[in-house]
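User: I would like to learn how to read a few local features in a structure. Could you take them one at a time, with the general idea before the case?

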Amino acid sequence: MRLILVGPPGAGKGTQAVHLAAHFSIPHISTGDIFRANLKEGTPLGLQAKSYMDKGELVPDSVTNAMVKDRLTHADTANGFLLDGFPRNVAQAEVLRAILAEKKTPIDAALELSIENAEIIKRLSGRRTCRGCGKVFPGQLEKCDACGAELYQRDDDKEEVIARRLEVYAEQTAPIIAFYRHEGLLITIPAVGDVADITAGAIRALSQKLS
Ligand code: AMP
């Protein structure tokens with residue numbers, strides 16, 4: 001299964017991606033996680049991405065597309081993958097379509113997690129992320145229940161940056177929903193309620209689409 005997750009920041013893409021990737025036994029590829037890992041290690045890619053990430057802006061397509069193209073050559077993607085946070089604009093969606101057309105392995109579905117802005121702001125400004133494993137928590141806990149590492153608030157989860165990330169989503173990313181609808185690949189599910197119920201709804205919708 002080759003799957004894309006689409007949705008605004010805070011829709012729960014990262015959380016759902018972990019469950020869906022495990023269910024379908026495919027790697028979870030998050031461009032945001034790759035940028036953050038590079039930033040932590042102080043690589044040139046991380047340093048290049050930092051100024052954009054800090055402001056809630058998109059990292060330039062040339063950098064992001066090359067990174068994803070390289071990631072999709074790894075052996076673990078042979079039986080599919082779940083892309084989380086990519087594509088983030090129509091130009092990236094077109095590049096992805098071209099990369100996959102060359103390999104004759106098109107996307108099977110684009111799953112949109114739909115949620116209201118007010119709920120997003122509440123979720124993002126309250127959430128904490130684990131410094132060790134990247135797991136995301138809704139509340140003000142101090143330690144990760146998975147690996148024990150410290151939790152922190154992402155710089156781009158601070159209120160002023162959230163507002164910009166939502167604008168960037170509306171202006172640049174939301175148009176990919178029409179793109180995938182036009183390709184006949186779009187599935188939309190509501191992203192509110194219990195995490196396990198949302199995962200179950202996503203699996204049901206994907207299984208129906210692919211049967
Ligand atoms: P995320 O963890 O998906 O919210 O991504 C965090 C940040 O990484 C974004 O606000 C962007 O600055 C950058 N980023 C992640 N994915 C992309 C992408 N596909 N294109 C450009 N920038 C991205």
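**Backbone, ligand shell and helix packing**

Analyst: S25 sits in the loop between α1 (13–24) and β2 (28–30); helices (H or I, at least four residues) and strands (E, at least two) are DSSP runs, numbered from the N terminus. This is a predicted model, in which local features need pLDDT of at least 70 and side-chain atom pairs count only at pLDDT 80 or more, while totals for chains, interfaces and linings use all residues. Residues are numbered from 1 along each chain as its sequence is written, and side-chain values use heavy atoms, with hydrogens and water left out.

User: Which residues does the cis peptide bond join?

Analyst: The bond is between F86 and P87, with omega about 0°. P87 belongs to the loop between β3 (81–84) and α5 (90–103).

User: How many residues are around the ligand, and which come nearest?

Analyst: A residue is near a molecule if one of its heavy atoms lies within 4 Å of it. Here 16 residues are around the ligand, and T31, R36, E57, G85 and Q92 come nearest. By class, the shell has five nonpolar, five polar and six charged residues. Ala, Val, Leu, Ile, Met, Phe, Trp, Tyr, Cys and Pro count as nonpolar, Asp, Glu, Lys and Arg as charged, and the others, Gly among them, as polar. Helix α2 (residues 31–41) supplies the largest share, four residues.

User: Which polar side-chain atom lies 2.7 Å from a nitrogen atom of the ligand?

Analyst: A polar contact is a pair of N or O atoms within 3.5 Å. The atom in question belongs to T31. A polar side-chain atom of R36 is 2.9 Å from a ligand oxygen atom, and an N or O atom in the side chain of R88 is 3.1 Å from an oxygen atom of the ligand. The protein covers 96% of the 480 Å² of accessible area that the ligand has on its own (Shrake-Rupley method, 1.4 Å probe).

User: At what angle do α2 and α4 pack?

Analyst: Axes are lines fitted to C-alpha atoms over the stretch in contact, and angles run from 0 to 180 degrees between N-to-C directions. For α2 and helix α4 (residues 61–71) the angle is about 100°, with the axes 11 Å apart. That makes α2 roughly perpendicular to α4 (65 to 115 degrees). T31, I34 and F35 in α2 meet V63, T64, M67 and V68 in α4, where contact means heavy atoms within 4.5 Å. This contact has five nonpolar, two polar and no charged residues.

How values were computed: Polar contact = N/O pair within 3.5 Å; in protein donor to acceptor, adjacent residues only side chain to side chain. Parallel < 35°, antiparallel > 145°, perpendicular 65-115°, else oblique.
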